[in-house]
Structure formats: C-alpha cells, structure tokens
Amino acid sequence: MKKILLVDDEQMLLDALRLSLRKQFPIETACGPIAGLAALKNWQDFSVVVSDMRMPEMTGVEFLAKVKEFAPDVVRIMLTANIDQGTAIQAVNEGNVFRFLNKPCTVEELTAAINAGIRQYQLITAEHDLLENTLRGSVKILTEILALADSTAFGHAEKVRDEVRGLCAALKIENSWELEVAALLSHIGFMTIPAETILKFRSGKTLTAPETELFRQIPAMSGRLLSQISRLEGVSKILTYQGKHFDGTGEPADSVRGTALPQGARMLKFLYDLVELETEGTSRSAALALMRTRAGWYDPAILAAYDLPEGQRPGAQSAPSKPALEIDFSQLRVGHVLCADVLTKDGTLIVISGNRITPTLMERLRNFNGLSGISEPILIEG
C-alpha cells in the first residue's frame, strides 16, 4: 500500500493522528506546507494527502494546488475548522479537492475519508494504465500496418526514429516517446494515396496536378488521422507541421513559423531530409553541408547540434557496422534488421532493406514463403 501524507502546522496533532492511524495505513507526516512539498518530492510513493486549511507560509488551498501541479494522481483531502462557500469553490477549482472534513473530526471519519481516497486513487491509476496500454497497443498496430502496407516508407521512418533518439539526447529532451511515435507514424497519410501513384512518385515520373496535390496534403492528412486517437494530439500537431520550413514557408499555409512550430515538427523536417539524402547515397557530411545552404528551411538550434566534429554529432555514436550475415529463411527471427531487400523466388519485392523484422512482418514473410517461396540467402545485420 502507498503512503498517506498528513500535513498540519501543529506537530502534536500530527503525532496523535499518526498514533491513531498507523495500524491501518502507512503514515508520513509533515509539519507545515513547505515540509509537505518536500515530502512529496517522491510523489509516486503516496496515494492520499490530507492537509489542514489554516497554515503559515501558504493556505491549504494553495498547498493542494501545488500538489495538483506536480502530483495530479495523488488524491487531496482538506481538514478545515471553517468552510465557507467561497473557500470550498476555490479549493475545488484550484486544488481539485476530493473531500472536505470539518475540524475537529473523529478518527473514524478520517479513516473513512482516507479509505475513500485510496479507492479513488486506485480508480485513477487503473484508468491511466488502461489508457496507456490501449495507446501503446494502438501505436503498435498502426506501425505494423504501415510496415505491411508500405515497407519502403516504414523503413525510412525507422531510421528517422533512431535519429530522433540521438537528437533528443543532444538537445536534452528527456521524454522522446512522443517524438519517436511521430517519426514512426509520419507517413500514415500515404495510406490514403493509391499504390500506383506512390510507385509513380518513387520512380521519379512526372505527377499530374491532382497527384501532386495528394502528396502536398500528406502531412495534414497524417495529422487529421491521428487527431482521432486520445493522447496523440501532440503527435497529430507534429505531423501536421512536419513539412513546414522554419521560416514559415510550406504547408500548412498559415502564419505559424520559427519556434512557434512544434519542436517535434522542426526535428522531423530536418531528420527526414537528412535520412533521405543519405538513402540516395550522399554521405552525412555532404548531406549536412547541402542542408546548411537551404536558407530558412531548418531550425538553427538543430543545425548547431550537427556543427560538432563528426564523432560528436547526434547519431554518430552508434557502434561500427559489422559485415552482413547470410542466413536461410528458417533462421530469420523477429528483431533481425535486413541488409538487403527480401524477394520471392519469382522476383516480387516483399520487404526493403533496412527494415526490422516485427511479428506481423514475420507472419507476412511466412505466408509468402508458403505460397511462392522466399529467395535465399537473406542478408541481415551482423
């Protein structure tokens, strides 16, 4: 069971409450709001905080409002000798108080309120776990579908996802999860374009005006598709602006520019262009030199991260590549990274080089192998 924090400016009262409640709950006390905030530094250890209203330094409402800011899941209960309507409204609006108790209250009343708070905490965390698992599952399914539907785009996206991690470290961005998801799902808008049009685009053929318009709308379409999924709103905004230049030119045609653009969108714009140039055979140094000539395209802070010597640049710390291994299809496993395209025996392309084998991709390959056979050997990273 997680701990219950009691906060009051009267140490004798805290000692008495601890003595009365210690057999039922793991109790921690703090004399005053400053000590209470210090105790909540590791807020994950607590499920409920009970605070007095009248304390020096700050009121109970002010204290619980601060608790709400950095520990929103911790359930907040207020003890007060005088609760008027204005105080109650302020406590609910600012501190999101779960329950009020009038002082003096009995141990039985306080015990019942704490038990109710624990149940509320369990409901909150269970809902968060459900949403988190649902979200992870949704992202996993979407990436698997993209890998099956367009292995070329997905292989490109995986390389960008790997680059995102290095750039986040260079820019000291601690939570890169949202940016990594944005990288993997950045081409989801391609799902709305006919396969023959995508093939025409990738083969370098001239597109008609309507076909060009379809590709122009991919970022906006990607953003709209993901806006329908709860908690991916930030990813949706990143994808909407992923093709826009730092100076505000490009799509969408609005006034957003510079640092007003989502940071993730600025990163994706830079990294996708970098990976695309490298995929075409340009060395990293030459690609970066070319990109620096594109005035207004990229965030100067991102360009600056790549001005370091070659061995210190983001993404340059990866282990040296090993010679590719030749294996039979029977030896292929989930997690292997392909060093060459995988074809059927009659020459049909199934998966392009650079893709990591996922469970769904493995199942796809097994199906092709059963129907028409897989060309061997298969080249994977050593």
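**Values against cut-offs**

Modeller: Start with Arg266, which counts as buried at 12% relative accessibility. This is a predicted model, where local features need pLDDT of at least 70, side-chain atom pairs count only at pLDDT 80 or more, and totals for chains, interfaces and linings use all residues. Residues are numbered from 1 along each chain as its sequence is written, and side-chain values use heavy atoms, with hydrogens and water left out.

Biologist: Why is Arg266 called buried?

Modeller: Buried means under 20% relative accessible area, exposed means over 50%, and partly exposed is in between (1.4 Å probe, protein chains only). Arg266 has 12%, so the word is buried.

Biologist: Where is Arg266?

Modeller: Arg266 sits in helix α12. Helices (H or I, at least four residues) and strands (E, at least two) are DSSP runs, numbered from the N terminus.

Biologist: What does Arg266 touch?

Modeller: Contact means heavy atoms within 4.5 Å. Leaving out residues up to four places away in sequence, Arg266 touches Phe246, Gly258, Thr259, Leu261, Asp299 and Ile302. The Arg266 side chain also reaches the backbone oxygen of Thr259 at 3.4 Å.

Biologist: What makes the link between His245 and Thr249 a polar contact?

Modeller: A polar contact is a pair of N or O atoms within 3.5 Å. Within protein, one must be able to donate a hydrogen and the other to accept it, and residues adjacent in sequence count only if both atoms are side-chain atoms. The side chains of His245 and Thr249 make such a contact at 2.8 Å.

Biologist: Is His245 buried or exposed?

Modeller: His245 has a relative accessible area of 13%, so it is buried. His245 lies in the loop between α11 (233-240) and α12 (263-279).

Biologist: What kind of peptide bond runs from Glu251 to Pro252?

Modeller: That bond from Glu251 to Pro252 is cis, with omega near 0 degrees. Glu376 and Pro377 are also joined by a cis peptide bond, with omega about 0 degrees.

Biologist: Why point these out?

Modeller: Because most peptide bonds are trans, and most residues other than glycine have a negative phi.

Biologist: Why is Asn367 called partly exposed?

Modeller: Asn367 has 42% relative accessibility, so it is partly exposed. Asn367 belongs to helix α15 (residues 359-371).

Biologist: How many helices and strands does the protein chain have?

Modeller: The chain has 15 helices and nine strands.

Biologist: How do you know whether the protein chain is compact or spread out?

Modeller: The radius of gyration is taken over C-alpha atoms, and the globule rule is 2.2 Å times the number of residues to the power 0.38. For 382 residues the rule gives 21 Å, but the chain has 28 Å, so it is more spread out than a compact globule. Along its principal axes, the C-alpha trace spans about 85 × 50 × 45 Å.

Biologist: What share of the residues in the protein chain is buried?

Modeller: Buried residues make up 42% of the 382.
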